[in-house]
Amino acid sequence: MLYLSTRGGDGRLTSAAAIKAGIAPDGGLFVPEAVPRTDATFLASLVPLDYRQRAVAILELFLADFSREEITACVEAAYGAAKFAHPAVAPVTGLDAHTFILELWHGPTNAFKDMALQILPRLLVKAMAKTGEEAEIVILVATSGDTGKAALEGFRDVDRTRIVVFFPHEGVSAMQRLQMVTQEGGNVAVVAVRGNFDDTQSGVKKIFGDRAAGEKLAARGFKLSSANSINWGRLVPQIVYYYSAYADLLKTGAVAAGQPVNFVVPTGNFGNILAGYYAKLMGLPVKRLICAANSNNVLTEFLQTGVYDRRRGFHKTLSPSMDILISSNLERLLYHATGGDAGQVAAWMGELAAGGAYTVAGRALDAIRETFWSDWASDMDTTEAIKAVYGKYRYLIDPHTAVAYHVCQAYRRATGDAAPAVIVSTASPFKFNDSVLAALAGPAAAAGKPAFAAARELARLTGLPVPLSLAVLEHKAVRHTAVCEPAEMQAVVIKALAEK
Ligand SMILES: *Cc1c(COP(=O)(O)O)cnc(C)c1O
């Protein structure tokens, strides 16, 4: 299977070359030239398998230039007991007979980014060997919190790679900050940027776009690459858990073979939900994909009206990992929904870059709306959902998952659809102690509490343990103290590479 660009640039690449490149030379994203199909027999064959075996079965459909042995080695290392605290890796829990939670936060950094970022570095190292790459790969990351830490954990001490993570100085939660500034590993650098996430992201994009800097780095044996969710190597591992969740529902008898289910996904960059769309294209019985947004509701407006307009205020919300106005992976959906009309996709992306907006109409919009449904949750809705779910089911959810729960209820009220729903849970509630504690015990209980005091209070209230990977941060030394201006980011990268 080969990969092409959503914007039509010529050339078809192997999966190894697509993973190494990250983004296509014409600025588009790599998509498979044909989506593999699976049938009921395939699905039934997954039921007795564990998560790792299911992952091999799905990944080998897409990574045709990797051997089964190579894929298995990557999967075993990524999803083994040393990395995932839960033996099921991505367990499904029932709230009631038709509402389920898919827990994607049992990895080393307690957010769903681990599902992809534990395996991406391993696939990348194999891809470098396959393509005869001699340069050392430098991964540059701009993060609003979760991606940075997950990428650091995934790439730390990985041979022939370096990683530099930039985060907005005042823009991440206390736990997220501690996770990053205490990061260990010989090939890592973590730098705070005096600016917001947009400044940080623009700074990284500028470095990628600077040809002269690229040549300077190349002369010294370095090549830049990205661990953001535009990389196909991050997307394809996410398809696995949609299949795995369905297989688990079959296994427990919660659904009958072939019975359609809905997935509700808290969405920012449109990567997670897009993996669900690929699963549906492949033949998984998915009825609707419900896109849950926070008050940065650019995707809700798009899925309801066909108008994508990023020209609006940026809101800081209780679900910061979804505070984003440019959802890069939407480009892949547009490609598939237009039947692969790369010229049209390139035109829309040109309008977005130049004017901040584009409009999809007609058959493409109908096709999108047949599968996708969307609504959004305010911070107050989010807080109420955390409280309601805990009150009703004694089950604790984080603010991102709470956004999805709220939108799931809204969907059911609006459509009357009674199909089983799987709510995709993307972070441990202990990553967002203050907002979760405030939701359960009132704002006064959380106000001014240091992060670990809030975590302990939350644990005491709920009887749940603080995840070990977060608890240990309290006693870890801070190793990264650098702060820079947005304009200094490129110099920081060059200096970090010179130091080691
Ligand atoms: C990244 C993230 C999201 C958004 O996922 P996308 O793939 O960007 O849509 C949602 N919740 C959490 C906790 C995240 O870290």
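Modeller: Across the interface of domain 1 and domain 2, the rule finds zero salt bridges. Polar contacts are found there: five residue pairs, with both residues of each pair at pLDDT 80 or more. That confidence value applies since this is a predicted model.

On the side of domain 1 that touches domain 2, the elements giving two or more residues are helix 17 (379–393) and helix 18 (399–415). Helix 17 makes the largest contribution to that side, with four residues. Sorted by class, the side of domain 1 that touches domain 2 holds eleven nonpolar residues, five polar ones and two charged ones.

As for the domains themselves, domain 1 covers 88–111 + 233–430, while domain 2 covers 431–466. In the contact between them, domain 1 takes part with 18 residues and domain 2 with 15 residues. The C-alpha centres of the two domains are 27 Å apart.

The size of an interface is often given as the accessible area lost when the parts come together. Here domain 1 and domain 2 bury about 1300 Å² between them, and 73% of this lies on carbon and sulfur atoms. Of the area that domain 1 buries against domain 2, 48% is supplied by Y390, L396 and F430, more than by any other three residues.

Methods:
Residues are numbered from 1 along each chain as its sequence is written. This is a predicted model: local features need pLDDT of at least 70, side-chain atom pairs count only at pLDDT 80 or more; totals for chains, interfaces and linings use all residues. Side-chain values use heavy atoms; hydrogens and water are left out. Domain bounds come from an automatic or database domain assignment. Contact means heavy atoms within 4.5 Å. Buried area is the accessible area (1.4 Å probe) that two parts lose on being put together, summed over both. A salt bridge is a side-chain nitrogen of Lys or Arg within 4 Å of a carboxyl oxygen of Asp or Glu. A polar contact is a pair of N or O atoms within 3.5 Å; within protein, one must be able to donate a hydrogen and the other to accept it, and residues adjacent in sequence count only if both atoms are side-chain atoms. Ala, Val, Leu, Ile, Met, Phe, Trp, Tyr, Cys and Pro count as nonpolar, Asp, Glu, Lys and Arg as charged, and the others, Gly among them, as polar.
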